[in-house]
Amino acid sequence: MVQVLAGPELGTGFIVSEHGRVVTASHVISGQAAIEVVAFVGDTVKRFPAIIVEQGADKQMNYDTAILQIDAKGVKFSFLKMGSWNDAEVGDTLFVIPIFAGPILLTGSMAGKAAVSIPEFGPLPGNTLIFQIPVRQGF
């Protein structure tokens, strides 16, 4: 996980490639001229300038994602490998960033896969992840 600094805004993100691609929230960087990413390189915390590669926002779909590129020539970053839920097996621990649930990160285990139909939307394409997460009162 990294910090994203954009003017007065502060957010978080994930490095998703060894060359410094970062996924973050679009609203954090929107309208900002200068963006920096604070990340660990080995055991050292460093600040790097970053540029926007792609930015999107769709308020109806709760889509608030941006892709940044860290300007750090020659640095190889540790990164979060993105995967496909199709590769997940029952019992695997997963981290999911849902696009319809707002700005949250879910962790839990794969409970199964099934075809699902939602009355308002009809059948969903392909299989749907059945995700089991612990729920605590007060959240």
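Guide: Contact here means heavy atoms within 4.5 Å. The model is predicted, so local features need pLDDT of at least 70 and side-chain atom pairs count only at pLDDT 80 or more, while totals for chains, interfaces and linings use all residues. Residues are numbered from 1 along each chain as its sequence is written, and side-chain values use heavy atoms, with hydrogens and water left out.

Visitor: Among contacts between residues at least 6 apart in sequence, what share joins residues at least 24 apart?

Guide: The count takes contacts in the chain between residues at least 6 apart in sequence. Of these, the share that joins residues at least 24 apart is 45%.

Visitor: Is Gly13 buried or exposed?

Guide: Gly13 lies in strand 2, residues 9–15; strands (E, at least two residues) are DSSP runs numbered from the N terminus. Buried means under 20% relative accessible area, exposed over 50%, and partly exposed in between, with a 1.4 Å probe and protein chains only. Because its relative accessibility is 3%, Gly13 counts as buried.

Visitor: Which residue is 10 residues from Gly13 in sequence and 5.4 Å away, C-alpha to C-alpha?

Guide: Leaving aside neighbours within four places in sequence, Gly13 is in contact with Met1, Val2, Val4, Val22, Val23 and Thr24. The residue at 5.4 Å, C-alpha to C-alpha, and 10 residues apart in sequence is Val23.

Visitor: How many residues does the largest nonpolar core have?

Guide: A nonpolar core is a set of buried Ala, Val, Leu, Ile, Met, Phe, Trp, Tyr and Cys residues joined through side-chain atoms within 4.5 Å. Ile29, Val37, Leu68 and Ile70 have the most contacts inside the largest one, and its residues number 18.

Definitions and conventions:
Helix = DSSP H or I, 4+ residues; strand = E, 2+ residues; numbered from the N terminus.
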